[in-house]
Amino acid sequence: MTNLSVNLNKVALLRNQRDIGYPDLLEHADIILKAGAQGLTVHPRPDERHIRKSDVPAISETIEKWNEKNAARVEFNIEGYPSDDFLELVTRYPCDQVTLVPDAPDQRTSDHGWDIAAQKDFLIDVITRLHAHERRVSLFIDPNPRLPELAATVTADRVELYTGPYAFAWEADDFGVILHDYVETAQECAKLGIDVNAGHDL
């Protein structure tokens with residue numbers, strides 16, 4: 001079954017253009033959940049150009065209240081680079097999943113996955129810390145069939161396939177080749193028992 005988690009970043013980006021609190025983030029979160037989404041996603045960046053760290057506790061509480069009142073449970077996914085302040089945030093406030101992305105602090109948007117082999121020790125340390133707080137961990141990766149096995153070695157629970165190449169190539173002559181990479185990567189994950197998310201440029 002495919003589940004949809006809606007990213008609130010763009011709503012927050014519009015809100016941040018003026019100091020009037022509009023559009024209201026929690027109001028739109030409620031609209032999204034009532035429409036049937038299975039989760040909400042946020043990416044609090046260091047410059048807070050869209051989601052702010054101060055938004056996280058309110059969104060977390062909104063989801064908790066929603067789950068108390070409704071039979072269909074929804075999830076809260078927080079993504080970002082695992083700096084100390086980010087890890088403090090995602091372990092302090094309730095969330096279901098933490099998606100680790102390899103973004104530099106000044107990066108405009110996520111445009112590549114982890115080099116897991118080069119960052120193996122770092123990722124093991126971070127994921128161990130998150131597992132100790134009972135957080136499911138997803139790694140942002142490129143569509144490469146060799147990467148799921150590496151994700152397993154650092155004990156990631158899931159991967160998120162970066163869909164930028166898919167979005168840009170769907171009308172291209174080599175679309176079939178690009179799609180094949182996604183399919184093979186997902187198949188390798190299935191063999192290893194790693195769940196698959198996909199997103200960012202869908």
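**Close-up 1. Threonine 99 and serine 138 in the predicted model.** Threonine 99 lies opposite serine 138, a residue of strand S5. The model shown here and in the other views is predicted. Strand S4 (residues 97-100) and strand S5 (residues 136-141) run parallel and are joined by four bridges.

**Close-up 2. The open sheet of seven strands.** Pairing in this sheet is parallel, and the strand order is S1-S2-S3-S4-S5-S6-S7. Strand S1 (5-7) and strand S7 (195-199) are at the edges; each has a single partner strand, so one side of each has no neighbour in the sheet. From one strand to the next, the twist averages 25°.

**Close-up 3. Helix H3 across strands S2 and S3.** Helix H3 (residues 55-69) lies across strand S2 (39-42) and strand S3 (75-80). The helix runs at about 155° to S3.

**Close-up 4. Crossing of helices H4 and H5.** The axes of helix H4 (residues 84-92) and helix H5 (residues 120-132) come within 10 Å of each other and cross at roughly 20°. Angles under 35 degrees count as roughly parallel, and H4 and H5 are therefore roughly parallel to each other. The crossing in which H4 passes H5 is right-handed.

**Close-up 5. Residues in the contact of H4 with H5.** On the H4 side, the residues are Asp84, Leu87, Glu88, Val90 and Thr91. They meet Val126, Arg129 and Leu130 of H5. Sorted by class, this contact has four nonpolar, three charged and one polar residue.

Conventions. Residues numbered from 1 in each chain as written. Predicted model: local features only at pLDDT ≥ 70, side-chain atom pairs only at ≥ 80, totals over all residues. Heavy atoms only, no water. Axes fitted to C-alpha atoms, helices over the stretch in contact; angles between N-to-C directions. Helix = DSSP H or I, 4+ residues; strand = E, 2+ residues; numbered from the N terminus. Parallel < 35°, antiparallel > 145°, perpendicular 65-115°, else oblique. Left-handed = near helix turned anticlockwise from the far one by under 90°. Contact = heavy atoms within 4.5 Å. Nonpolar A, V, L, I, M, F, W, Y, C, P; charged D, E, K, R; others polar. Pairing = 2+ DSSP bridges.
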